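Please read the following points alongside the sequence and the 3D view.

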Amino acid sequence: MVRTVLCYGDSNTWGFDPVAFVQNRGEVKRLPDRWPLRLGRLCGEQFQVVEEGLNARTTVWDDPTGPAFGQYSCNGREYLMPCLHSHNPIDVVVLALGTNDMKSYFAAGAERISAGVAVLVNDIMGSGCGPHGKPPKVLLLVPPRIIETRVANGWSFEGTGHKAESFGRLWAGVSREPWPEAVECLELDSVAKVSELDGIHFEGGETQSQISAAVHQKLMQMLAAPARL
């Protein structure tokens with residue numbers, strides 16, 4: 001039986017290359033060794049790891065003037081349910097959102113951002129898109145602390161870095177209630193650090209390897225334990 005893992009996130013799931021962007025003056029390039037691809041290799045043939053990363057994606061916020069310039073919706077909730085049903089049945093959803101919610105023009109504090117995550121978790125748990133019509137399990141990747149570089153500030157992150165300081169505690173609260181056996185957290189700050197070049201994204205190479213290894217270990221633990229829903 002092939003198990004399905006859905007990686008639903010933003011540009012750090014998509015594989016945005018901060019080195020290419022800074023050194024090549026704005027080139028948007030995708031890392032060939034991004035962590036979801038590495039995760040698929042670690043999981044092996046008995047798993048299907050689905051990449052659903054999107055640049056500028058938020059949890060629940062519309063961003064018509066953001067990097068997409070209205071070409072597509074950055075609101076993570078709008079595409080979540082169609083995505084879940086497209087890949088149904090899903091064993092685990094790796095949910096990696098929250099960084100873009102920090103942008104200054106959303107004026108959202110850490111608590112409101114975590115509430116957006118909770119909305120998505122609630123949607124997933126009510127989707128019936130897991131095995132046998134039950135909910136998938138959820139692994140929340142807690143966003144890393146950012147560095148307010150010139151590039152990050154140009155993306156409207158100026159003065160927002162402090163928000164991530166309480167993300168670990170708040171995301172843990174989302175995972176504890178009301179599905180403590182089905183939703184778990186992994187703090188990315190404990191695994192890897194963002195690039196000093198742009199302050200938002202993870203570089204390739206060893207950093208991507210560290211993330212994929214940590215996610216893989218957590219997934220194997222989650223799948224070995226039955227969920228009591």
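1. In this predicted model, Leu-95 is in contact with Tyr-8, Val-117, Leu-120, Val-121, Ile-124, Val-138, Leu-139, Leu-140 and Leu-141, leaving aside neighbours within four places in sequence.

2. Leu-95 belongs to the largest nonpolar core, which has 36 residues. Together with Val-121 and Leu-140, Leu-95 is among the residues with the most contacts inside this core. At least two core residues come from each of β1 (3–9), α4 (76–86), β3 (92–96), α5 (110–125), β4 (137–142) and α7 (167–176). Helix α5 gives the largest share, 7 residues. Another core, of 24 residues, lies apart from this one and includes Leu-186, Ile-211, Ala-214 and Val-215.

3. Five of them form an open sheet in the order β2-β1-β3-β4-β5, with parallel pairing. Strands β2 (47–53) and β5 (183–187) are the edges, as each pairs on one side only. On average, neighbouring strands are turned by 20 degrees against each other, direction ignored.

4. The pairing of β1 with β2 is parallel and spans 7 bridges; Val-5 stands opposite Val-49 in β2. Helix α4 lies across β1, β2 and β3, and runs at about 165 degrees to β1. Helix α8 (residues 206–224) also packs on the sheet, touching β1, β2, β3, β4 and β5, and its direction makes about 150 degrees with that of β4.

5. The structure holds 0 disulfides.

Terms used
Residues are numbered from 1 along each chain as its sequence is written. This is a predicted model: local features need pLDDT of at least 70, side-chain atom pairs count only at pLDDT 80 or more; totals for chains, interfaces and linings use all residues. Side-chain values use heavy atoms; hydrogens and water are left out. A nonpolar core is a set of buried Ala, Val, Leu, Ile, Met, Phe, Trp, Tyr and Cys residues joined through side-chain atoms within 4.5 Å. Buried means under 20% relative accessible area, exposed over 50%, partly exposed in between (1.4 Å probe, protein chains only). Helices (H or I, at least four residues) and strands (E, at least two) are DSSP runs, numbered from the N terminus. Contact means heavy atoms within 4.5 Å. A disulfide is a pair of cysteine sulfur atoms within 2.5 Å. Two strands pair if DSSP finds at least two bridges between them. Axes are lines fitted to C-alpha atoms, for helices over the stretch in contact, and angles run from 0 to 180 degrees between N-to-C directions.
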